[in-house]
Amino acid sequence: MNAQQQPEDVYTHGHHESVVRAHASRTAENSAAFVIPHLLAGTSVLDVGCGPGSITCDFAGLVAPGQVVGLDRSPDVVAQATELAAERGVGNVEFRTGNIYDLDFEDESFDLVHAHQVLQHLTDPVAALREMRRVAKPGAIVAVRDADFHGMSWYPEVPELDEWMSLYQKIARRNGAEPDAGRRLVSWAQQAGFTQVAPSSSNWLYATAQQRAWQSRVWSERVLHSAFAEQALEYGLANEADLARIAAGWHRWGATSDGYFLIPNGEVIARA
């Protein structure tokens, strides 16, 4: 895919501090457990859409002395990931800026190519998977994991969270993205030419007082200050009063003593 053909993707979340902080809490254990059995010493890994690098650095520790490359389109986030690797003393990882539709690597370069919560934000996830397949060695693994927004469930009922879900769906789809990506991963992998596709799923659960406080604080900030808020206003899908109401609903849910929020994730291990 050349530069003229590349889709113009709009990242629904953006890179506000609240978003990057949430992404930095992700680890290989809590966000990529399905990949860990395949991360053997000496494995070369490309982590596409690596964000602040927390999962990528975990991968590097598991495959050392194998080399790991983290790729993201945001130079600021790449700089944060590079700083994290230095802080952790991880020497077998490097971070670069790049484009998932036009990876700057030769064919058949990596033993494992990974993307976490990336395909849901793309206008052409199948093209991205084809490009990931191109840079994977014969028999190598392409591993992807994405949430499924309409599969999310919570308790107690909070009308503002229903409003949040509706607004998120509208913004993401206005961006040409697919927020219910988790259920589509098998289909996308098949369309990308993979013949061996092993699906699985796993959840994130926020149901303790600490987890509720964290989830509600992060999302209330994102509703008010991140690209989500900017796009909601720009697209005419909400006004500032709407966003304030939704943020307050998140706080109200977070203050409950029995609140429960479940995020299902689809996963696929596909063979190149």
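1. Leaving aside its neighbours within four places in sequence, which residues is Leu129 in contact with? In this predicted model, the partners are Leu119, Val142, Val144, Trp188, Ala189, Ala192 and Phe194.

2. Here is a wider view of that region. Leu129 is named with Leu46, Val113 and Val144 as having the most contacts inside the largest nonpolar core, a set of 32 residues. Two or more residues of this core come from each of β1 (45-48), β2 (68-72), β4 (110-116), α5 (125-134), β5 (136-147), α7 and β8 (260-271). Helix α5 gives the most, with 5 residues.

3. Do look for another core too: it lies apart from the one above and has 29 residues, including Leu161, Met165, Trp204 and Phe228.

4. Next, a pair of helices. Helix α6 (residues 159-174) packs against helix α10 (residues 240-254) with the axes 8 Å apart and at an angle of about 125°, which makes α6 oblique to α10. The contact involves Pro159, Glu160, Leu161, Glu163, Trp164 and Leu167 on the α6 side, and Asp242, Leu243, Arg245, Ile246, Gly249, Trp250, Arg252 and Trp253 on the α10 side. By type, the residues of this contact are 8 nonpolar, 5 charged and 1 polar. The crossing of α6 and α10 is left-handed.

5. Finally, a stop at Gly193, found in the loop between α7 (185-191) and β7 (196-206). Is Gly193 buried or partly exposed? Gly193 counts as partly exposed because its relative accessibility is 30%.

How values were computed
Residues are numbered from 1 along each chain as its sequence is written. This is a predicted model: local features need pLDDT of at least 70, side-chain atom pairs count only at pLDDT 80 or more; totals for chains, interfaces and linings use all residues. Side-chain values use heavy atoms; hydrogens and water are left out. Helices (H or I, at least four residues) and strands (E, at least two) are DSSP runs, numbered from the N terminus. Buried means under 20% relative accessible area, exposed over 50%, partly exposed in between (1.4 Å probe, protein chains only). Axes are lines fitted to C-alpha atoms, for helices over the stretch in contact, and angles run from 0 to 180 degrees between N-to-C directions. Angles under 35 degrees count as roughly parallel, over 145 as roughly antiparallel, 65 to 115 as roughly perpendicular and the rest as oblique. A crossing is left-handed if the near helix is turned anticlockwise from the far one by less than a right angle, and right-handed if clockwise. Contact means heavy atoms within 4.5 Å. Ala, Val, Leu, Ile, Met, Phe, Trp, Tyr, Cys and Pro count as nonpolar, Asp, Glu, Lys and Arg as charged, and the others, Gly among them, as polar. A nonpolar core is a set of buried Ala, Val, Leu, Ile, Met, Phe, Trp, Tyr and Cys residues joined through side-chain atoms within 4.5 Å.
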